[in-house]
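Welcome! Let's take a friendly walk through this structure, one topic at a time.

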Amino acid sequence: MTKPLLELKNVVLKVNRNTPEEITILDHLNLTINDGDFITVLGSNGAGKSTLFNAIGGDLNIDSGQILLNGRDISHESVERRTRFLARVFQDPKLGTAPRMTVAENLLLAERRGQHRRLVPRQLNKQLERYKELTTTMHDGLDQRLTTATGNLSGGQRQALSFLMATLKRPDILLLDEHTAALDPQTSQDLMHLTNERVQSERLTCLMITHHLEDALTYGNRLIVLHHGQVSYDVAGADKTALTTEKLYSFFAEIE
Amino acid sequence: MSLAVSAIGQGLLWAVLGVGLFLTFRILDFADMTVEGTFPLGAATAVAAISNGMNPLLATLLAFAIGAIAGLITGLLYTKGHIPILLAGILVMTACYSVNLRIMGRANVSLLGKATLFKNHFLASLPQYFDSVVLGVLVMVVITTIVIYFLQTEVGQGFIATGDNQTMARSLGINTDNMKIMGLMVSNGLIAFGGALVAQNNGYADVNMGIGIIVIALASIIIGEVAFGDLTLNQRLVAVTLGSILYRFVLLLVLKLGFSANDLNLISSIILAICMMLPVFKHVLNFKHILKRGLDTND
């Protein structure tokens, strides 16, 4: 259970390299993510939360340090390669799904995440029954819209679909980048419950960025705070359970 | 009658271009200018190969391969060289002009007295213009079937996703660069293939025959879409061929009205512009509303 799954060692990431506007976003960041961790990530704007995800996902190259998956250095692997173990849900509902493809087609695409795609028929019809069952668990009418282009879905349905797609083929690590932030309060809460349920039942290792302190406290077994590109606070287990919003607020006041 | 048959035949032969451009313009969602160079490139390749004694069918397939190489170059400039697609296409298109002159040796090469795909026993025995109809149907059935099959494969779905949402495609492990390069290769291969067919049908290749090609190919796509409305992806591919034929009839009509063949590029552009603006007009003029009112007063 406490086996390290992903380790970030002294990770430095700069933007606008070699220009007067050079900024260090991740500054010798160290983080060890254990197998089965559900970590909520807090931090003010510009603290480096999204950059951390982009460094793990491979969208941004790190300047120095190491990213290790099960001890293997993946710092220089491409985005495509990292999708073998990594799945992501973005904040913007538009980013997670292909708008002109149907719900079922999107699910089928996600099922082969990180795998070789072959020149053989996709066999969508064989999967429809299973997709129907799967989408029924979302309780938002998605199961009635399997043949609808995702561009015609509501933001909530799209995000629910994105989440479903990210977990359809079990990822070793799931990155949720404020995936409920663009939704109305009720839809947001529904998706959050659903997220928690699935992460627990599938025993997923998950990092979730949120600006919602309540959510950060309620969900997950571990909470970290990013500040100036470093992990400035890291609390797990019983200590996290004992944490309150007041304590968090006073901590934020302290570091600012 | 023979004019109509001719229009259908021409429409079928030129439909190859529509399907080729559909892969980039509609699926990958960008305009690829390379096609203005690969169309005459295909024509030049086929004509030069046939003039040197190559079997016409092999020469036409060779044109596909050479066109695909041009597409590969555009794709590499775009994905690996980070040159904007419009400029990458224009660069290769411009370069093709010189290459085409090199291949043909001069600006215009005739196939007079040479074997072509249209000169086999069966096609030659048909009434006038029916040769291009028969060959065109055959070519379009084969190409459309292959493209539809491909788009339903796992790779094809990844190809569609690349054009639809690149961020999402990458996050699912689809190599979007490779998909774009592949799309540009197949697209330009088909356009060059179309160039080879048209050159053999016309009996010559001309270094300037690429001018306005992208407009003609777009016209078949857009006219097909405007004429047939809401369709599935597979149906839309078939509609391209029908759109191409419709476009030939429109040109026929324009010529009948007394315009000369020299006016065709101007007219093609106007037709395409009008078709592309139809959704705006519909909104502004509110066709449906006017129609409804017209019906109401009849009551």
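**A quick briefing**

Chain A has nine helices and 10 strands; helices (H or I, at least four residues) and strands (E, at least two) are DSSP runs, numbered from the N terminus. This is a predicted model, in which local features need pLDDT of at least 70 and side-chain atom pairs count only at pLDDT 80 or more, while totals for chains, interfaces and linings use all residues. Residues are numbered from 1 along each chain as its sequence is written, and chains are lettered from A and ligands numbered from 1 in the order in which they are written.

**Overall form of chain A**

- The C-alpha trace of chain A spans about 55 × 40 × 40 Å along its principal axes.
- Among contacts in chain A with a separation of 6 or more, 68% link residues 24 or more positions apart; a contact here has the C-beta atoms of two residues, placed from the backbone, within 7 Å.

**The sheet in chain A**

- Six strands of chain A form an open sheet with mixed pairing, in the order E6-E7-E8-E3-E9-E10; two strands pair if DSSP finds at least two bridges between them.
- Strand E6 (86-89) and strand E10 (230-236) of chain A are at the edges with a single partner strand each, so one side of each has no neighbour in the sheet.
- Strand E9 (residues 222-227) of chain A runs antiparallel to E10(A), and six bridges join them.
- In E10(A), Gln230(A) stands opposite His227(A).

**Where the chains meet**

- Chain B brings 18 residues into contact with 26 residues of chain A.
- On the side of chain B that touches chain A, helix H7 (154-164) and helix H8 (166-171) of chain B each supply at least two residues.
- H7(B) gives the most to this side, with seven residues.

- Residues 129-151 of chain B are 96% helix and 0% strand, with end C-alpha atoms 33 Å apart.
- Residues 181-199 of chain B are 100% helix and 0% strand, and their end C-alpha atoms lie 27 Å apart.
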